Amino acid sequence: MIDIVGDEHDTGPPGRRNPASTLLKNLRHDVPASVVVFLVAVPLSLGVAHAAGAPLLAGLVSAVVGGIVASLFGASVLQVSGPSAALTIVIAETIATFGWAATCAMTVAAGLVQILFGLTRVARATLAISPAIVHGLLAGIGLILVLGQLHVVLGGTARSSAIENVLALPGRIVGHHDQAALIGVVTVGVLLAWTRMPRSVRRVPGPLAAVVLATGLSVAAGMDLPRVDLPNGMPGLGFVPQAPTGSWAAIVTAVLSIALIASLESLLSAVAIDKLRDGPRTDLNRELVGQGLANVAAGSLGGFPVTGVVVRTMTNFEAGARTRMSAILHSVWILGCCLFLVGALRMIPLAALAGLLVYVGAKLVNVTSLREVRRHGDLPVYLATLLGAVAVNLLTGVAAGIAVALALMLRRMLFSGIHVERDGPRTRVVIEGALTFLSVPRLTTVLAGVPERAEVTLELFVDYLDHAAFDCLRGWQCAYERAGGTVIVDEIGHPWFERGKAGVPTVRRGVASRVVPRWLAPWSQWQAEHLELPSQRGGSVPLCRGASEFQRRTAPLLRSTWDGLANGQQPHTLFITCGDARIVPNLITTSGPGDLFTVRNIGNLVPRAGADFSVGAAIEYAVGLLRVREVVVCGHSGCGAMKALLGDAPDGLAHLGGWLCHGEATMRRRESEGPVLLDGARPSHEGDQLALHNVVQQLENLRSYPVVDAALARGELRLTGMYFDVGKANVYLLDEALRSFTSAASPVKS
């Protein structure tokens, strides 16, 4: 059973809610919003029904049923449902083929299909359709609508197809124009001008203003025009849809067309309003069930098919609606209009409704959406869908769009990922993306063009490597090396071709050896992990190879960053750490170019002011001139300098002994002060215990520099102690109040 959601915007504990108070609070917003939506919905509902050749009352029936049934049983809080211009073309063809009573029966069937879609939970799958196809379909519908209704606006009648409308339009433009043409042009003109009116004027909806002004002009001038023909009151309960007769293929096609287009527009409208409002996202499967129930009810009562309508939904949101009560009330106002204001509706000229539909159809050709599609490279998909819909029918347009989308995908797989790059005497064959049997023809062509008996680097950025492509690469590599060439396999990511020469693919990721990503470890570790594969790897010096990789892969990504630093540096931190090769400051602090002013020495020592000009100059430059906001002293586990201070110094290194004299203060602190803890405990190794004392001592030494002391006094600088456990890859920060280093996962407060 589907739960009916009340007010999703309510907050607070359920036991403390006052339903009456909440209802009144929301009604203050929902009632005015419902009136605005009602004023928009009435002319649009009449216009859509008129354009499709349906009874005009059917549009109003659809608006009433859609607003009540879809709102009660659907999931979207602010969605407003009713007749939509997107279904006009399909319904017009269905009415022309099967008649109105049979079309109502097919609307009921389409509603049942939508309910089935919702119950089988396929709503999310429909959103997998390319946006280019959806926008192309809407644009095609809009173009067909404009081409047909322009003839009505200009005093004629629409032809049976879009092509015929295009061919006949020049003659209609230069031909005789009667009073109907004047009313149609006035309606379009008011709609175009309304967007430029002052905000106070635009509180009246544009469609309502245009229809009212055009109607008033026609009545004041005494024009004899075809007008809205409505019966007295709503249709009785005696209306019964009739089962369609004829080709079953045509019937099924029409039912599926109605169901798919109505579902797509409803889902897109629900997703669009979700992006604007706060609160939980819409359950799209439940929304489809609600839309299906609304179509079953609308078809049974002789109404136009129902969809969630973007225009009305956005109007509802912008008018300040809070709950689904706004959509329900807008249906109540429409019902009252049908019962008590039929005389006023009968005064509306059909030419005014045609002008309104021309404007609505033109809005479906959304230029912003077209730009977005073009930006993503899907313009051919959009155009194929649009042209197929206009030239043949809507389903043909969708099929054409899907076909072109698949063709583009295949083309990208076949051609975009394989190319050759020359690097002096060396050659690189670069393969990116998915490498499948479809790519083998192009792959063999590219590999055949590689110079003979040369050193070739095969760079694989491969997401997937199938059997055919694997065999192609393996066969080429073996043949090329037998002919005297050298192939170096440089595989990034999953090692599909790691054991390629042995004919053993690495298909499952769990079997592959774990490799540190190249952008984090382009140094000796990455090289070392592949030394067991001498047949697959070259023997380049790691540093040179790393520089080459930086130039080719990293530099293009960071060039704009370095370009901004070309004229000067503004680092935020002075980072003083050990010269140990295992410490990578930018890596353990997630920083990059321009962030750290780094000083490295044996033991991360900070001689007191005046004792060493090198470190002293760096401190004065960073704090006094660059005005860094923080100074970090970073020690680490397994430090050789700490071991040397404890008496384990290597022999014959006079300069090292002279430098380590700056660590004597650390040794004295160790003797006189209590232990410094690491995550609440003393490290097991004596050298690591000394390293913690050393960080605290160097922070004290920093305060001996006048430039540091002055910056601290002004509150412009902070001193931070840091410790890196190499074996565990853990970073710790000093909490001076607790005399302990705590994990950076829960850093101490400044």
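Analyst: This is a predicted model, and the questions below go through some of its labels.

User: Why is L408 called buried?

Analyst: L408 has a relative accessible area of 18%. Buried means under 20%, so L408 is buried.

User: Where is L408, and which residues does L408 touch?

Analyst: L408 is part of helix 18, which covers residues 394–415. Leaving out residues up to four places away in sequence, L408 touches G377, P380 and V381. The C-alpha atom of L408 is also 8.5 Å from that of D378, a residue 30 places away along the chain.

User: What makes F437 exposed rather than buried?

Analyst: The relative accessible area of F437 is 54%. Exposed means over 50%, so F437 is exposed. F437 sits in the loop between strand 4 (426–435) and helix 19 (440–448).

User: Which residues form a nonpolar surface patch with F437?

Analyst: The patch consists of I402, L406, M409, L410, F437 and L438. Together they have about 530 Å² of accessible area.

User: How do you know that T307 is buried?

Analyst: T307 has a relative accessible area of 0%. The limit for buried is under 20%, so T307 is buried. T307 lies in strand 2, residues 307–308. With residues up to four places away in sequence not counted, T307 touches V80, S81, G82, S84, L87, A262, E265, S266 and Q291.

User: Why is the pair of Y723 and Y732 called tilted?

Analyst: The ring centres of Y723 and Y732 are 6.4 Å apart. Rings pair if their centres lie within 6.5 Å, so these two rings count as a pair. Their planes are at 50 degrees. Under 30 degrees would be stacked and over 60 edge-to-face, so the pair is tilted. The structure holds four aromatic pairs.

User: What else is known about Y723 and Y732?

Analyst: Both Y723 and Y732 are buried. Along with F741, they form one aromatic cluster.

User: Which residues touch the most other members of the largest nonpolar core?

Analyst: That core has 89 residues, and L46, L60, V228, L230, I334 and L345 touch the most other members. Apart from it lies another core, of 42 residues, including L690, A691, L702 and Y732.

User: What is L60 in contact with?

Analyst: Neighbours within four places in sequence aside, L60 is in contact with V42, S45, L46, L230, I334, C338 and L345.

User: Where do nonpolar side chains tend to be in soluble globular proteins?

Analyst: In such proteins, nonpolar side chains tend to be buried together.

Note on methods:
Residues are numbered from 1 along each chain as its sequence is written. This is a predicted model: local features need pLDDT of at least 70, side-chain atom pairs count only at pLDDT 80 or more; totals for chains, interfaces and linings use all residues. Side-chain values use heavy atoms; hydrogens and water are left out. A nonpolar core is a set of buried Ala, Val, Leu, Ile, Met, Phe, Trp, Tyr and Cys residues joined through side-chain atoms within 4.5 Å. Buried means under 20% relative accessible area, exposed over 50%, partly exposed in between (1.4 Å probe, protein chains only). Contact means heavy atoms within 4.5 Å. Helices (H or I, at least four residues) and strands (E, at least two) are DSSP runs, numbered from the N terminus. Patches are made of residues with over 30% relative accessible area and no salt bridge: like charges are joined within 9 Å, nonpolar side chains (Val, Leu, Ile, Met, Phe, Trp, Tyr) within 5 Å. Accessible areas come from the Shrake-Rupley method with a 1.4 Å probe; for residues, only the protein chains shown count as cover. A salt bridge is a side-chain nitrogen of Lys or Arg within 4 Å of a carboxyl oxygen of Asp or Glu. Rings of Phe, Tyr and Trp (its six-membered ring) pair if their centres lie within 6.5 Å; planes under 30 degrees apart count as stacked, over 60 as edge-to-face and the rest as tilted.
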